[in-house]
Amino acid sequence: MNTREDRFSRAMLETPPSGIRKFFELLIGHDDVISLSVGEPDFPTPWLMREEAFYHLEKGQTSYTSNWGLLELREEISRYMERYNLHYNAAKEILVTVGASEGVDAALRAILNPGDELIVCEPCYVNYVPLAHLTGAKVVRLDTSVNGFYPTAQQFEKLITPKTKAIMFCSPSNPTGTMIPADELEKIAAVARRNQIWCIADEIYCELAYDGFKHTSIGSFEGMKDYTIILNGFSKSFAMTGWRIGWIAAPEDLMAQVVKLHQYNTICAPIMSQYAALEGLKHGWDEVEKMRVSYQQRRNLMYKAFCDMGLSVPEPTGAFYMFPSIENTGMDDETFATELFQKHNVAVVPGSAFGEAGRGHIRCCYATSVDKIKTALERIKQFIDEKNK
């Protein structure tokens, strides 16, 4: 007779719930809590994009699109990617996805077989490792905390084996806000070419860069298009989290495999989201810049406050996250986050939710209002002072 557990997939039973969503669920019903936990802009989607969606809804355009997405949108994405010296055919090398998260799943399932190895840079976004495990692949963890929270070519070189199929990273990084320097990225590209392995590059935060830093894509280096899978989307830079709209760009032969999965599990991204995204790419860049400038101001505020508290923290050069170490408080990150929530009504995410390399840290998102950030920082300081007495 089957046990109760036999009724379910072993792989799913072994998959932990998201550490981010765990703390998000705690917020429900607590209006007095200030959340620095979920990576969601506090800006509404720019009006010109919402208005474009309304227009198409009023016209009754609520049907499926091509599995690939609206061709006009893919053509605009192709033109946009040229800014970063990335050249993809709109018809066969760009797929519109239900957020960048679908792209992660599709990319991993399209390239990984059981027993393959995937090198993941940690700390990392929470869905990389579980989705890789569901393919039966082995995840090899690269610890970026020893090098200022970005990977080096030398680290990759040491971890590559004959079973290595791909490397995966996010730059600017979630959860640390760090970017891989262009010269290091070029060295990583050389390692990937030499070993003929895929580079899965999550570039969802590429428009949110500060202090004059500019995003560089690993796919822009000579010979790298054949080895690169680009993941991107509209959730962060255009404040479109709830619209669930992103894209994946890769060589045509790989995309022929990716689109099959997309056909079966999704069909297509919502048509009204596609039209809104198209309008954003055409005319929404002033709004993106306003949000980016605001995030930089908030970053400056939060960074100074954590430094004044005596916490070690890398200064983010992109995204909208800060990753201070709380080890000098004597608490582990899970305890720190739980007690901060319970005693001072501030929600942050334990760094260990992003892998072992994040242990001893907390992730704080500064995509919320300045007033709320100031209040949250005052409460965090009070909490730390209480522990230090």
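User: Where is the place of Tyr150?

Analyst: Tyr150 sits in the loop between strand S4 (138-143) and helix H7 (153-159). Helices (H or I, at least four residues) and strands (E, at least two) are DSSP runs, numbered from the N terminus. This is a predicted model, in which local features need pLDDT of at least 70 and side-chain atom pairs count only at pLDDT 80 or more, while totals for chains, interfaces and linings use all residues. Residues are numbered from 1 along each chain as its sequence is written, and side-chain values use heavy atoms, with hydrogens and water left out.

User: Why is Tyr150 called partly exposed?

Analyst: Buried means under 20% relative accessible area, exposed over 50%, and partly exposed in between (1.4 Å probe, protein chains only). Tyr150 has a relative accessible area of 24%, so Tyr150 is partly exposed.

User: Which residues does Tyr150 touch, not counting residues up to four places away in sequence?

Analyst: Contact means heavy atoms within 4.5 Å. Tyr150 touches Thr144, Gln155, Met179, Ile180, Pro181 and Glu184. The C-alpha atoms of Tyr150 and Met179 are separated by 6.8 Å, though the two are 29 residues apart along the chain.

User: What makes the protein as compact as a globular protein of that length?

Analyst: The protein has 13 helices and 12 strands. Its radius of gyration is 21 Å, close to the 21 Å that the globule rule gives for 389 residues, so the protein is as compact as a globular protein of that length. The radius is taken over C-alpha atoms, and the rule is 2.2 Å times the number of residues to the power 0.38. Of the 389 residues, 57% count as buried.
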